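The following exercises concern a single protein model. Please work through each task before reading its solution.

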Amino acid sequence: MPDAPAPPPPPAPDREGDPLAAVTGALHGLGRGLDALSIAEVLWLAATAGQHDPAASAAAAPGAPAPDAATAAGAGAVDARERIGRRPGLGVYGPSGPGGASLPAREMSVPRAAALPRARELARALRPLRRVWPAGRGTRLDVGETVAGYARSGELLPAFRPAPERWFDLTVVLDRSPTMAVWQDTGAELLKVLASTGAFRTLRVREAASWPPVAATSPGTGAGGLGAGAPSARPRRLVLVLSDCVSGAGGERAFWDRLRGWAAATPTVLVNPLPSRIWRYSGLDLPAVRVTPPGAPGARNPALRFAVPPLAELAYGPSAREHAPVGGHGDAWLPLPVVGLTPRSVSRWARTLMRGDPDGCEAVLLPGPGLVGPAPAAPGEGPADAARTAEAFLRRASTPAVRLAVLCSAYPQLYTGLLHVIRQELVPEATAADLAEVVVGGLFLVEARAAGAEAGVGPGGPVLRFRDGVREHLAPRLGARDALRTREVLTRFVAAHTAAPGRFPALVPDAAGAAGIGPEAEPFARASDRTLRDLGAGSGTGTGRPVTSGVAAPGVRSPARPYFFLSYAHTPLLGSRTTDSNRWVRRFFRDLCEEVLALADLPAGVAAGFMDEQLDPGARWAERLSEMLSASRVLVPLYSPRYFTSESCGKEWYAFAQRSVVQGAHDAERVQAVVPAVWVPVPPHLMPRPARQFPVDARSFGEHYTTEGLYGLIRLRSYAHEYRQAVGQLAARIVGVAESTRGASAVTVDYLRAPSAFRSHAPGEESLRIAVVAPTLRDLPQGRDPRYYGDVPDRWNPYHPDSRRPLVDVATDLAFHLNDQVDATTLDAEVARVERAGPSTGPLVLLVDPWALSVPRLRAALIALREAREPGTVALVAWNRRDEQSHHARTSLLDAQYGVLPARWYGPDGHVSESVRGLINLGAFGAAVPRAVADAYAAYLDHGLGSTPEPE
């Protein structure tokens with residue numbers, strides 16, 4: 001068959017006038033038979049390569065050597081600042097490595113994913129714990145007995161009976177050891193789940209390191225319980241210990257002796273994120289058994305039934321083979337249920353504890369005191385063991401854990417926040433146990449701070465850095481398609497969750513940035529200019545304004561900001577009624593939204609207001625409330641007697657007030673965006689202090705508004721005209737206040753962490769005192785920037801220029817919204833009182849400038865207060881991460897701080913408190929004030945109202 005004639009050559013393109021035609025002709029001239037589709041692919045690849053950043057992909061190919069700084073800046077190389085200015089989008093990097101910085105960058109924060117997989121299933125698994133105790137401490141009306149008594153005597157005398165209540169008070173004990181830092185976010189979300197289930201009367205959180213020494217005694221004596229005499233006084237208490245038993249408390253012998261004392265006195269369970277098959281590699285290398293309940297719900301640990309494994313005697317000495325339900329001897333085995341963070345494990349334990357499930361649950365046996373040894377040592381860090389470590393992990397780990405580890409091999413190191421995002425978006429079937437296998441499988445070194453933190457990156461949780469040689473062993477398993485898909489998925493996640501309250505720090509290239517990206521770094525996502533603006537970080541190619549703890553750039557208006565947030569007290573159902581008890585509030589909300597829409601210029605699809613009844617049953621209500629409290633322009637509280645006794649209403653009020661205070665500091669004005677409405681009249685003396693600053697001016701609301709309230713007006717037709725008049729006037733005020741705050745900067749708040757604004761810390765007349773420890777312009781340390789100071793200490797403003805108000809004003813406003821009386825004081829006045837042995841009149845919060853410790857006068861004053869050892873003193877150290885002068889002197893300032901300020905001034909958990917490191921921005925300071933005030937009052941009241949000094 002003769003050969004087919006060759007196709008005629010294409011017409012010669014006009015290469016001078018059409019560059020695309022010139023390139024196409026050149027490709028045709030290669031003689032490779034390229035068709036139109038092949039040419040299009042080549043052009044697309046060329047265009048993509050034109051946007052590629054050589055420094056950003058230095059680690060893209062596994063095993064490829066990273067270019068050093070000299071190569072990046074050598075002859076023929078394009079300047080880093082020029083490359084940044086030319087790119088249409090920016091890479092989002094994790095912490096910078098230790099190899100130096102070759103690309104200037106600035107810090108920002110990106111959204112994090114949920115740290116607790118299957119949280120809703122875990123909440124459902126806790127349902128057995130919602131069992132009620134029939135004879136509670138409260139009372140309720142006994143209708144039947146009241147009617148019977150009336151029939152007998154003819155007098156209507158109410159009869160009461162004990163009201164049912166939840167079975168347990170819950171105490172959550174957190175292990176703060178180094179490896180548990182990886183599970184910090186997971187523990188926080190677990191606390192949210194426990195708080196939202198409604199399964200417990202109260203929920204308290206304690207630190208494992210703060211446990212007092214306990215002796216192993218028989219249950220009921222109270223020696224091994226929650227403080228002095230607590231187990232015998234409060235028998236219906238449940239202790240939940242969260243620990244991985246790898247380091248810190250889990251590796252200490254005293255930890256297990258304390259745990260045994262608690263378990264002997266009250267029901268105790270250990271929650272361990274590690275899968276059971278690797279328990280033996282941790283401090284939990286104890287005899288594993290299955291325990292069954294004795295039959296009664298809520299049984300203490302000594303009453304659980306189990307059989308001692310035969311080999312346990314060889315390891316720990318002889319003990320009874322069959323454990324008697326009434327045990328309690330000091331040398332007897334004590335069962336400790338252990339559950340993982342999976343719905344199945346939690347459900348089996350809950351059914352065993354409260355429903356007498358005969359199948360039982362997993363547990364370990366605690367031997368006698370002093371018999372549990374330390375946890376096994378961590379694997380070595382030498383490169384010779386890298387291949388063996390990686391192969392051992394690949395053989396024994398679960399499939400989701402292996403896939404997660406391989407996906408992480410695209411990056412030399414990563415924040416735990418990024419690890420949670422990869423797990424949620426790319427390996428959704430992975431559980432907390434799978435995540436734990438990756439973290440403790442020997443692949444990573446856990447570092448408390450990123451190497452790039454010295455360049456200004458704030459702490460975002462621990463950093464996981466691959467051990468030498470491990471990443472190179474895992475990377476070949478990561479295909480090019482999976483690597484590309486990982487980048488695309490993370491990019492979409494960052495762009496789609498810009499309003500998420502949870503964040504972790506990251507770096508983006510910026511020619512004017514103060515931070516630096518190391519040459520070995522690999523971006524995990526790309527951020528467009530729009531994404532950066534949504535994150536509040538400004539333009540991608542300019543200097544921008546970094547996100548500071550949830551504070552967005554001013555002037556950026558969210559496209560979906562409702563005008564008002566309706567805060568109201570839910571009316572409980574009466575008896576067996578199934579009607580909507582809040583139907584009148586719902587109707588008022590609809591009427592108010594209609595009036596606001598008629599007066600405001602809102603775009604289509606944007607709600608005029610928000611009411612929590614709009615939440616779907618399966619929605620993450622806490623995150624949604626936080627989001628709407630952050631976005632809504634005005635808070636509309638419905639005043640009623642029930643409102644000021646509601647915990648949730650108090651939290652909503654304080655969250656919004658905290659946002660307003662931080663906004664006012666940024667914008668140099670007080671943002672009073674609260675428009676109250678009278679639902680049911682409340683006498684003025686019943687209103688808490690924060691509500692009294694918002695009096696209700698009802699002169700234009702109608703004649704009966706102050707006497708009947710909106711609830712009285714909405715129910716009667718005769719008041720229909722006055723009701724419409726009141727709603728119209730209220731809508732006009734909402735729109736007026738909302739429009740006046742249109743340009744205010746947006747601030748993110750956390751509903752769950754907010755305290756109630758209606759609950760005072762002090763039961764009496766004790767006043768909170770706030771004192772500033774800062775130099776003035778007259779005694780500044782040599783060379784210190786004077787922009788942060790004034791003529792008196794109270795003018796100290798460490799967060800300039802982000803904040804335009806002195807820090808003491810911000811702290812006073814926040815404390816006022818906690819329903820606390822605040823008295824002005826000074827450091828000199830407190831020292832003079834201590835020297836003359838005057839009594840303390842209340843707890844004291846010190847606002848400390850690290851530079852003050854360089855001033856001899858202020859240093860001596862702080863030492864005098866420290867030596868007085870007065871209870872109820874808490875220190876808040878303000879440290880502006882944008883203050884380059886403080887950053888360069890950070891080491892010496894921290895040394896001075898640790899040498900003068902005692903640990904007790906940081907609160908009960910001072911060893912891990914953010915205040916120790918310094919509150920790096922105004923958002924962090926605003927979040928720390930409520931806890932500092934609570935800690936100060938607790939210490940003050942616990943020591944007899946300041947009459948006795950604190951112990952050593």
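The exercises below treat sheets, cores, helix packing and backbone geometry in this predicted model.

**Exercise 1. The parallel sheet and a helix across it**

Task: Describe the open sheet of 4 strands, and state which strands helix α24 lies across.

Solution. 
Step 1. The strand order is β21-β20-β22-β23, and the pairing is parallel.
Step 2. The edges are β21 (609-610) and β23 (677-678), each of which pairs on one side only.
Step 3. Strand β20 (residues 564-567) is joined to β21 by 2 bridges, in the parallel sense. The bridge partner of F564 in β21 is G609.
Step 4. Helix α24 (residues 720-740) lies across β20, β22 (634-639) and β23. Relative to β22, the helix runs at about 150 degrees.

**Exercise 2. The two faces of a strand**

Task: Assign the residues of strand β11 to a covered and an uncovered face, and identify the residue of β13 that stands opposite A288.

Solution. 
Step 1. In β11 (residues 288-291), V289 and V291 form the covered face, while A288 and R290 form the uncovered one.
Step 2. Strands β11 and β13 (residues 361-366) pair in the antiparallel sense over 4 bridges.
Step 3. The residue opposite A288 is V364.

**Exercise 3. The nonpolar cores**

Solution. 
Step 1. The largest nonpolar core has 114 residues. The residues with the most contacts inside this core are V110, L129, W349, F393, I422 and F524.
Step 2. Helix α13 (residues 399-408) gives the most to the core, namely 7 residues.
Step 3. Of the 10 residues of α13, 8 are buried, so the helix is largely enclosed by the rest of the structure. The buried residues are P400, A401, V402, L404, A405, V406, L407 and C408.
Step 4. Leaving aside residues up to four places away in sequence, F393 touches A401, V402, A405, E437, V438, G441 and L443.
Step 5. A second, separate core has 87 residues, including L629, A665, L807 and A924.

**Exercise 4. Cysteines**

Task: State how many disulfides the structure holds, and decide whether C408 is buried or exposed.

Solution. 
Step 1. The number of disulfides is 0.
Step 2. C408 has 0% relative accessibility and therefore counts as buried. C649, at 0% relative accessibility, also counts as buried.

**Exercise 5. Packing of two helices**

Solution. 
Step 1. Two packed helices are described by the angle between their axes and by the distance between the axes.
Step 2. On the α27 side, R859, L862, I863 and R866 meet A896, G899 and V900 of α29.

**Exercise 6. Backbone geometry in loops**

Task: Where are A837 and R869 located, and is each buried or exposed?

Solution. 
Step 1. Most residues other than glycine have a negative phi, and most peptide bonds are trans.
Step 2. A837, although not a glycine, has a positive phi of about 60 degrees. A837 lies in the loop between α26 (827-835) and β26 (844-848). Its relative accessibility is 67%, so A837 counts as exposed.
Step 3. R869 is not a glycine either, yet has a positive phi of about 55 degrees. R869 is found in the loop between α27 and β27 (873-877). With a relative accessible area of 15%, R869 is buried.
Step 4. A cis peptide bond, with omega of about 5 degrees, joins H800 and P801. P801 is placed in the loop between β24 (768-773) and α25 (807-816).

Key:
Residues are numbered from 1 along each chain as its sequence is written. This is a predicted model: local features need pLDDT of at least 70, side-chain atom pairs count only at pLDDT 80 or more; totals for chains, interfaces and linings use all residues. Side-chain values use heavy atoms; hydrogens and water are left out. A nonpolar core is a set of buried Ala, Val, Leu, Ile, Met, Phe, Trp, Tyr and Cys residues joined through side-chain atoms within 4.5 Å. Buried means under 20% relative accessible area, exposed over 50%, partly exposed in between (1.4 Å probe, protein chains only). Contact means heavy atoms within 4.5 Å. A disulfide is a pair of cysteine sulfur atoms within 2.5 Å. Two strands pair if DSSP finds at least two bridges between them. Axes are lines fitted to C-alpha atoms, for helices over the stretch in contact, and angles run from 0 to 180 degrees between N-to-C directions.
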